[in-house]
Amino acid sequence: MEAMEVSFNVGRCSAPDVPVAHGGAAAAESALAVVDPLQKRVTFNPRYEQMWAPMEGPIHPYNKDGLSRGMKNHALGVVEDSSISPFTFDEQYHTFQAFGYAADTSAPNGANLIGDPDKIKDNAGLTVFNIPQHELKKRKAEGRLERVQELEGGLDPSSDEWLAKSITSPWAGTRKGIQVEMTDEQKMYAEEHAKKKLAREAREAGIKPEVPDSTEFHGDEHVDYQGRSWVVPPADVKAANDRCFFPKRCIHTWVGHKGNVMTIQFFPKYGHLLLSGSSDHQVKIWDVHNHRKCVRTYKGHSATVRHVSFTNDGLKFLSVSYDTKIKLWDTETGKVISSFTTGKTPYVAKLHPDDDKQNVLMVAMKDKKVVQWDVDSGKITQEYDQHLDAVNTITFVDNNRRFITSSDDRSLRVWEFGIPVVIKYISEPHMHSMPSIAVHPNGKFFAAQSMDNQILVYDTKERFRLNKKRFHGHVTGLGCQVNFSPDGKYVISGDGSGRCWFWDWKTTKVLHKLHCFKRVCLGCEWHPLEQSKVATCGWEDGRNAGKDGVGIIKYWD
């Protein structure tokens, strides 16, 4: 037994045995002694329990390593675990705040209540979550009645004092008394607030506000000394020669739009006027031949004007806006002749190019359709519905017997005019969306602006084959316009970095680049008679041009 005890002691001791006198009192005293951590010398051989025993009090229950470092387990004292749930705590907390009593959580099952005994008796010990809703409404009404009686104090309801003190009065709590009439400043504020509220409600309901049709003439006179309208082209406007040259310098800048200039178009055949549509919801027409100023402004849209298009004679034009409306305007007077809408957003609108079919309106819509209207009757006569996404362009080919549409579904479709059946479907895996298409002056080819930074060329014959010609180098951005020179020798296009590119039609080489704008060059139009002049549209002030910048048009020679 002694050998086993010695072996056990050696295993539990932290140091080898030291000879100790086998006295009864000394052995008992050393067995009960505690090692003081402050002393530097130990005169006996302590055991493990003696070395790590607490100096005072019980062993710390939350200490990980068993060391006694006091009972403090939080910066503010001792925190003990509790079995009360968060819901029970919130219930008792709000009950005490509302009624002045709560359950004693230390008692078994919270049987005892602590707090105001009168409240406990009145509420039968119920908590705020146990009181029925009808009882809560009754108490709230009684409390409100008591406050009303306390404030009014028997005042006459027809008196000014009652109006000022009663909580049921709209003037309750006002210090300056009752105001009989609003001041002019208050009336102005109320009107503005009402307008903003109506606009917000219409915006939330998806209803765009109506803008009354109006126009403003900026010229000096509507007619000249011979009685000719300002729309009539001057007699001295003639083509200088048949060959075109690419421009090199900016000779004029038109500034007047408060938003991005989205589209431009010269007056047909003569080009003495330039039409522009902008994100400021307005359409403007500019003089090109004489003083080069804004002649007339057309107002009637409540959203960005995306596209404008003249009729063959230029006496009327179409405007397409994101407010879902297509409007036909009188160029000279500025009056709206007709307005068309399907409730969906239109992208492009064109009248049939034949002179005897100028009453046929074709509109490319966001809802995957091409809608055909009769301008005279205002009725829809045909719908071309085969695309799988928004339709971007409408281009007439083959002596206007057929037309081509491009879409965001990355396809081209060829239609017979008046027949809603696709006669040619062009779609390849490598194809991208084509937001702009232009027909070559000889009518045998058309160029399509592809969103993979190149311009593709297709034949307008029966098979509509893809040509080997590729025009690249530019960066297509926001659906920049592609176009041809009047003699067909040059291809021009804007790009997303604000430049206008010029390619040779035969060799597809880049001949010239114009740095037109700081941000984007959206549109480019070659003058129909003056072969070395080009107009470009875009904006100068970068990303903020749509809000506080200025959209401009530049004229190059």
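The questions and answers below concern a sheet, salt bridges and a surface patch in this predicted model.

Reader: What is the bridge partner of Gln454 in strand 24?

Author: Strand 23 covers residues 454-459 and runs antiparallel to strand 24, to which four bridges join it. In strand 24, the partner of Gln454 is His472.

Reader: How many residues apart in sequence are the parts that Glu416 and Arg402 tie together?

Author: The side chains of Glu416 and Arg402 meet in a salt bridge, at 3.2 Å from N to O. Glu416 belongs to strand 19 (residues 412-416) and Arg402 to strand 18 (residues 402-407), so the parts tied together are apart in sequence by 14 residues.

Reader: Is Arg402 buried or exposed?

Author: Buried means under 20% relative accessible area. The value for Arg402 is 8%, so this residue is buried.

Reader: What is the accessible area of the nonpolar patch formed by Tyr48, Met51 and Trp52?

Author: Met51, one of the three, is found in helix 3 (residues 48-51). Met51 is partly exposed, with a relative accessible area of 34%. Together, Tyr48, Met51 and Trp52 have an accessible area of about 330 Å².

Key:
Residues are numbered from 1 along each chain as its sequence is written. This is a predicted model: local features need pLDDT of at least 70, side-chain atom pairs count only at pLDDT 80 or more; totals for chains, interfaces and linings use all residues. Side-chain values use heavy atoms; hydrogens and water are left out. Patches are made of residues with over 30% relative accessible area and no salt bridge: like charges are joined within 9 Å, nonpolar side chains (Val, Leu, Ile, Met, Phe, Trp, Tyr) within 5 Å. Accessible areas come from the Shrake-Rupley method with a 1.4 Å probe; for residues, only the protein chains shown count as cover. A salt bridge is a side-chain nitrogen of Lys or Arg within 4 Å of a carboxyl oxygen of Asp or Glu. Helices (H or I, at least four residues) and strands (E, at least two) are DSSP runs, numbered from the N terminus. Buried means under 20% relative accessible area, exposed over 50%, partly exposed in between (1.4 Å probe, protein chains only). Two strands pair if DSSP finds at least two bridges between them.
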